[in-house]
Amino acid sequence: MAANQTLQRRQSQLTRGRLPSYAIWVVVAASLILGAAISSLVGFSVVGWAIITAIVFVLAATIVTAVAEGERKAKDKLVTFLVYGAFLIALIPLVSVLWTVLERGVPGLSYNFLFTSMNGVTGAVDNQAVEGGTPVLGGAYHAVLGTLQITLWATLISVPIGLLTAVYLVEYGAGKNLTKAITFFVDVMTGIPSIVAGLFAAALFTLLFGPGTRTGFVAAVALSVLMIPVVVRSTEEMLKIVPNELREAAYALGVRKWRTITKVVIPTAISGIASGVTLSIARVIGETAPILVTAGFASSINWNVFSGWMSTLPTFIYYQILTPTSPTSPDPSTQRAWAAALLLILMVMLLNLVARFVAQIFAPKTSR
Amino acid sequence: MSINSLKASTDRGRAGDKIFSGVSLAAGVLILAVLFSVAVFLMVQAAPILSADPAEVTGGEGFAAYILPIVIGTVVAAAIALIIATPVGIAVALFISHYAPRRLARAFGYVIDLLAAIPSVIYGAWGYIILAPQLAKGYAWLAENLGWIPLFAGPASQTGKTMFTAGVVLAVMVIPIITSLSREIFLQTPNLHEEAALAMGATRWEMVRMAVLPFARPGIISATMLGLGRALGETMAVALVLSPGALGASLIRTGNQTIAAEIALNFPEAFGLRLNELIAAGLVLFVITLIVNMIARFIITRHKEFSGAN
C-alpha cells in the first residue's frame with residue numbers, strides 16, 4: 001500500500017509540469033486568429049497571414065512552454081519548430097517551380113511544338129498569332145534533336161573513360177600515389193563550374209581548328225568534362241562493394257585478371273554502374289552555360305554534330321526568354337520556353353526514375 | 001611435359017592482361033591530363049589580355065580594373081546564397097536525419113534531391129518570371145524603410161532583377177547540396193553517443209547540440225564549401241535573373257555582375273581580344289572555385305581518415 005503510494009507520487013512528479021497534448025492546438029488556433037487580425041491591419045493577403053501566423057505561433061508556443069515546462073524544454077520546442085519550418089521553406093521553391101512549369105508548359109506542349117523547328121518562325125509570325133488568336137507556330141524539334149545528339153556523344157566519350165578509370169582505381173591502383181592523385185582531382189573536377197568546362201572546350205577547338213569553331217561536338221566535349229567525374233565516382237563506389245570472394249574464386253580457377261574484371265566484377269556491379277551513368281546523363285542534359293559558349297544557337301534542324309551550330313533544349317529556353325522572337329509581343333516565345341522547360345523536366349525526371357528502377361530491378365541477387 | 005604445358009597456359013592471355021591494365025591506366029592518366037589541359041588551354045587563350053593595351057580592354061583601364069568588380073559581384077552573390085542556404089540546408093538535413101518520422105524520412109530525402117535534379121536554366125526562368133516580381137514589392141518596402149543602410153539604398157528595382165534575387169535563386173540551388181552532404185554525416189553519428197546523451201536526460205535539441213553537431217562539424221564545413229563552389233560558378237540563374245550593371249553596394253538596385261554570367265551573356269557575340277578577355281575571366285573563376293573545392297575536399301579526406309580509425 002505504502003509502496004503503491006510512492007509509485008503514484010513518483011509518476012505524478014515525472015509528469016508534473018507538462019503541457020496537456022491539446023495545448024499545442026490551442027496555441028495554433030490563437031495564432032491563426034491573431035495572425036488574421038494583424039495581417040488585416042497592414043493589408044490582408046494569404047501569404048502575409050501565413051507568415052505572421054507562423055511567427056506568432058513559434059513565439060507563443062515557445063513562451064507557453066517556457067512558462068509551463070521550463071527553459072530547456074522551450075529551447076527544444078523552438079528548435080523543433082525551426083527545423084520543421086526550414087523543411088517547409090525548402091519545399092516552397094520546389095512546389096513553386098514544378099507548379100509554374102506545369103501550369104505554363106502544358107498549354108504549349110502540342111504536336112506542333114514537338115515536331116516543328118523554329119525555322120522560318122519570325123517576329124511577324126508571332127505577332128500574327130497574338131493578333132489573330134491563332135495557335136502559336138514553331139517548336140523545339142531542332143532543340144530536342146540537338147539535346148539528344150550532344151548528350152549521346154558526351155556519353156560515348158565519358159562512359160569508356162570513366163569506367164576504365166574506375167577499374168584502374170579499384171582493381172589496379174590500390175594504394176598507389178597515382179590513385180590518390182586521380183581520386184583527389186576527380187573530386188575537384190566535380191566542382192568545375194560548367195561555364196569553365198565550356199570555355200575549355202571552346203579554347204581547345206580554337207587552338208586546333210581556328211577561332212569560332214562551334215559545333216555540337218565541341219559541346220559534347222565540354223559536357224564530358226562535367227560527366228566523367230560523376231561516372232568515375234559512381235562506378236568506383238559500385239566496384240568497391242563487389243565482394244572480394246568473387247575475385248578470389250575466379251583467380252583460384254586460373255582466370256586472368258582482365259577476364260575476371262570483364263566477366264565477373266563488372267557484370268556483378270552492372271546495375272549500379274548503369275544507374276550511375278543514367279544519373280550523370282540526367283545531370284548534363286540540363287546544362288546550359290557550356291552549350292552557349294560551344295555550340296552557338298540555331299533555329300533549324302542540324303543532324304551533323306561535326307559542323308554547324310546547334311541548339312539544345314536549355315539554350316532554347318534561355319534564348320526564348322531573354323530575346324523573344326518578337327520583341328513587341330513576347331508571349332508566344334514565353335509559352336514556347338515553358339513548354340520546353342516542361343519537356344526538359346520530364347526528361348530529367350524520367351532519367352532519374354530509370355536510374356532508380358535499373359538499380360533496384362537488376363541488382364545482383366545475394367543470398368544475404 | 002607438364003612444365004611446358006603450364007608455361008604455355010601462363011603465356012596465353014598475358015597480352016590481354018597487359019592491354020587491359022594499360023588502357024585503364026591510360027584512362028586515369030587522361031583525366032589528370034584533361035584537368036591539367038583545362039588550366040593550360042585557358043592560360044594560353046587568356047595570355048594576350050595581359051600584354052594588351054589597357055585602353056583596348058573593356059572599360060578602358062586594363063584587365064585588373066575590369067575583373068575586380070565582377071569578382072566582387074561573384075563573391076557577394078555567393079555570400080548571399082550561403083547566408084540563406086547554410087542554416088536552411090543544415091536544418092533540413094537535421095529534419096531528415098533526426099526529426100522527421102522514420103518512415104517518411106527517406107521520401108523527404110528524395111523530395112529534396114528533386115530540387116537538385118531541376119536544371120539550372122529552369123530555376124533561372126522561374127527567378128526571372130515568378131520570383132523577381134514577388135521580391136520587387138519587398139524591395140520597395142526595404143528602400144522606403146531601411147534605405148539608410150547602404151545595402152538597401154534606393155531607388156529599388158521595379159522589376160526585382162537584382163543581386164539579392166540572384167542570391168535567393170542561388171540559395172535554392174545550393175540547399176540540396178548542403179542538405180545531402182550534411183545528412184550523410186549526421187546519419188554517421190555514433191548511435192551510442194546519441195543514446196548516452198538521451199539517457200542522461202538531454203532533450204532532443206541538447207542531444208543534437210552535444211552529440212551530433214560536434215561530430216559533424218568538419219562535414220558541415222566542407223558541405224558549405226562545396227555549396228560555395230557551386231554558387232560561385234553557377235551561371236544561368238544569375239544570367240537570367242540579374243540585370244547587370246556597375247558595381248554598387250545596394251543589393252536591391254539593378255547593377256553588379258558575376259563572372260559566370262558576364263561570360264555567358266557576352267561570349268556568343270565576342271570576337272578578337274574580347275574573347276581572350278572572357279576566357280581570362282573564366283580562368284580567374286576556375287582558380288577561385290578550384291581553391292574553394294580543394295579546401296573542402298581536404299577537410300573531407302582528413303575527416304574520413306579520422307572517422308575511419310574509430
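This passage walks through how two chains meet and how each of them is built. The model is predicted, so to speak, with rules attached: local features need pLDDT of at least 70, side-chain atom pairs count only at pLDDT 80 or more, and totals for chains, interfaces and linings use all residues. Residues are numbered from 1 along each chain as its sequence is written, while chains are lettered from A and ligands numbered from 1 in the order in which they are written.

Chain B comes out with 12 helices and zero strands, where helices (H or I, at least four residues) and strands (E, at least two) are DSSP runs numbered from the N terminus. Read along the sequence, that gives the pattern α-α-α-α-α-α-α-α-α-α-α-α. With a radius of gyration of 25 Å, well over the 19 Å that the globule rule gives for 310 residues, chain B is more spread out than a compact globule. (The radius is taken over C-alpha atoms, and the rule is 2.2 Å times the number of residues to the power 0.38.) The C-alpha trace of chain B spans about 95 × 65 × 30 Å along its principal axes.

Chain B splits into domain 1 (1–46) and domain 2 (54–309), with bounds from an automatic or database domain assignment. Their C-alpha centres lie 40 Å apart. Four residues from domain 1 of chain B and six residues from domain 2 of chain B make the contact, which requires C-beta atoms, placed from the backbone, within 7 Å. UniProt, in an unreviewed entry, puts the feature "domain: ABC transmembrane type-1" at residues 71–296 of chain B; its positions are given in the numbering used here, feature names are shortened, and annotations may be inferred rather than shown by experiment. That stretch of chain B, residues 71–296, is 77% helix and 0% strand, and its end C-alpha atoms are 20 Å apart.

Now for the meeting of the chains. On chain A, 72 residues are in contact with 67 residues of chain B. Helix H4 (residues 71–105) of chain A supplies the largest share of chain A's side, 19 residues. By class, this side of chain A has 53 nonpolar, 11 polar and eight charged residues; Ala, Val, Leu, Ile, Met, Phe, Trp, Tyr, Cys and Pro count as nonpolar, Asp, Glu, Lys and Arg as charged, and the others, Gly among them, as polar.

For chain A, UniProt (unreviewed entry) lists several stretches as "transmembrane region", including residues 182–209 and 337–359. Residues 182–209 of chain A are 89% helix and 0% strand, with end C-alpha atoms 30 Å apart. Residues 337–359 of chain A are 100% helix and 0% strand, and the end C-alpha atoms there are 33 Å apart.

Conventions:
Two residues are in contact if their C-beta atoms, placed from the backbone, lie within 7 Å.
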